[in-house]
Amino acid sequence: MRMLDLILKKRDGGALTEGEIRFFVDGVVRGTIPDYQVSAFLMAVYFRGMTEAEVAALTEAMRTSGEVLDLSVVPGVKVDKHSTGGVGDKTTLVALPLAAAVGVKAPKMSGRGLGHTGGTIDKLEAIPGFRTALDREAFLRQVDAVGFAVVGQTEGLVPADKALYALRDVTGTVDSIPLIASSIMSKKLAAGADAIVLDVKVGRGAFMPDEASARALAEAMIAIGRRLGKRTHAILTAMDEPLGREVGNANEVAEAIRVLRGEGPEDVEEVAVVVAAEMVLLAGLAPDRAAAVAAVREALADGRGLGAFRAFVAAQGGDPAVVDAPEAVLPRPHHRAAVVAWADGVVTALDARAVGEAAMRAGAGRATKEAAIDLAAGVHLRKKTGEVVRRGEVLADVLASRPIPEDAVLRLREAYALGETAEDAGLAGRAAGGPASKVLAILDG
């Protein structure tokens with residue numbers, strides 16, 4: 001085969017065979033296809049798209065380009081969970097303990113934050129002593145004994161994706177649904193679970209800005225799972241404003257613990273319960289969705305979810321006292337800067353991306369993969385969309401362990417829009433009726 005022929009075929013709208021796609025992926029990993037030809041191929045895919053069969057073949061070739069985990073020693077159905085990234089998204093820290101408390105086995109590999117979105121591994125490292133690197137045997141033992149484990153992604157997992165993403169990032173081909181879907185699913189499938197729950201974020205703070213594009217991505221990933229023998233469900237959740245009231249690392253861990261105590265924000269609880277329920281359903285531990293939700297809510301109410309989180313922290317070397325007194329155990333900010341309301345009225349919008357960028361500028365996130373972060377830094381949201389404010393009242397705080405840069409405060413102020421009444425933004429009834437549902441749709445193929 002010649003790479004030029006594959007480029008021309010895809011440029012002209014042709015469908016590639018499984019063998020041709022395998023040739024391409026193998027060449028990317030071995031370095032035998034030059035970057036300029038890989039880039040040309042990616043651009044052809046961006047404009048021409050791929051068939052369902054092509055996307056599945058690309059995903060499978062990428063999945064087997066490196067290490068593939070074997071989880072068969074852990075009994076039962078193993079269910080993985082993935083989020084496409086958001087602001088204040090601590091869902092994993094709540095959903096996995098709740099699912100484990102019902103009996104799900106959940107092996108989870110997570111990433112670090114980059115840009116305005118946070119990473120679960122960074123959040124967990126705010127817990128003193130917590131280990132985010134486990135060898136394979138320890139990882140499997142913990143999944144079996146505790147019900148779940150969360151570790152950083154291994155270097156040997158899907159090397160083809162690392163090589164392709166580096167080029168997508170600099171060639172304007174990141175936002176291609178076939179390339180996004182194959183990237184996500186190749187890593188999830190290489191991690192070895194039997195079933196996958198996808199939390200696909202929608203809105204300003206998400207990668208997919210509208211429900212139509214998020215649905216298209218979700219359906220593409222469900223189709224990959226179906227073709228490759230992995231049951232896959234997707235939940236579309238809103239990310240126009242941040243999830244919960246804490247954005248950062250240590251403060252998000254504390255908020256997740258409050259949710260597990262039954263004291264946290266309703267929106268975090270809602271998303272976490274729905275995600276955990278889908279995991280329970282895919283594990284075969286409930287006959288239908290309603291029963292799965294009921295089982296998860298019972299585990300939340302009776303404290304089993306909180307107990308599972310405590311066992312998880314202890315198993316990975318963290319200080320379990322964080323469950324009882326997070327403020328005493330987690331890193332604490334020494335600096336705080338307030339953003340105050342400039343008029344009486346109602347919060348008519350709260351831009352999740354702007355909040356995430358403010359937190360990043362304060363030190364909670366990183367602009368490059370090599371950058372260090374301040375685990376105590378972040379944003380505390382006192383007011384969210386639909387809530388009444390008075391002039392001079394604090395809308396939100398920027399937090400950090402070092403002096404806070406002015407641009408972080410300015411960016412947080414830009415996140416807020418105020419109106420005189422709820423009707424100004426079509427929010428009639430929001431302030432009285434509570435937050436709108438974050439769950440937009442559940443897709444199960």
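The model is a predicted one. Strand 11 pairs with strand 7 (residues 335–340) in the antiparallel sense, over six bridges. Within this pairing, Val-398 of strand 11 stands opposite Ala-337. Strand 9 also runs antiparallel to strand 11, and four bridges join the two. Here Ala-396 of strand 11 is the bridge partner of Leu-381.

Strands 9 (378–381) and 11 (394–400) are included in what covers the buried residues of helix 16, as are strand 6 (246–248), strand 8 (345–350) and helix 17 (406–415). Helix 16 spans residues 352–362; eight of its eleven residues are buried, so the helix is largely enclosed by the rest of the structure. Among the buried residues are Val-355, Gly-356 and Glu-357, together with several alanines, including Ala-352 and Ala-362. At the N-terminal end, helix 16 is capped by Asp-351, a side-chain oxygen of which lies 2.9 Å from the backbone nitrogen of Arg-353. After the helix comes Gly-363, with a positive phi near 115°.

Val-45 belongs to helix 3 (residues 35–48). Its relative accessibility is 0%, and because buried means under 20%, Val-45 counts as buried. Leaving aside residues up to four places away in sequence, Val-45 touches Lys-10, Met-50, Ser-176, Pro-178 and Leu-179. Between Val-45 and Leu-330 the C-alpha to C-alpha distance is 46 Å, with a separation of 285 residues in sequence.

Conventions: Residues numbered from 1 in each chain as written. Predicted model: local features only at pLDDT ≥ 70, side-chain atom pairs only at ≥ 80, totals over all residues. Heavy atoms only, no water. Buried < 20%, exposed > 50% of the residue type's maximum accessible area, 1.4 Å probe, protein only. Contact = heavy atoms within 4.5 Å. Polar contact = N/O pair within 3.5 Å; in protein donor to acceptor, adjacent residues only side chain to side chain. Pairing = 2+ DSSP bridges.
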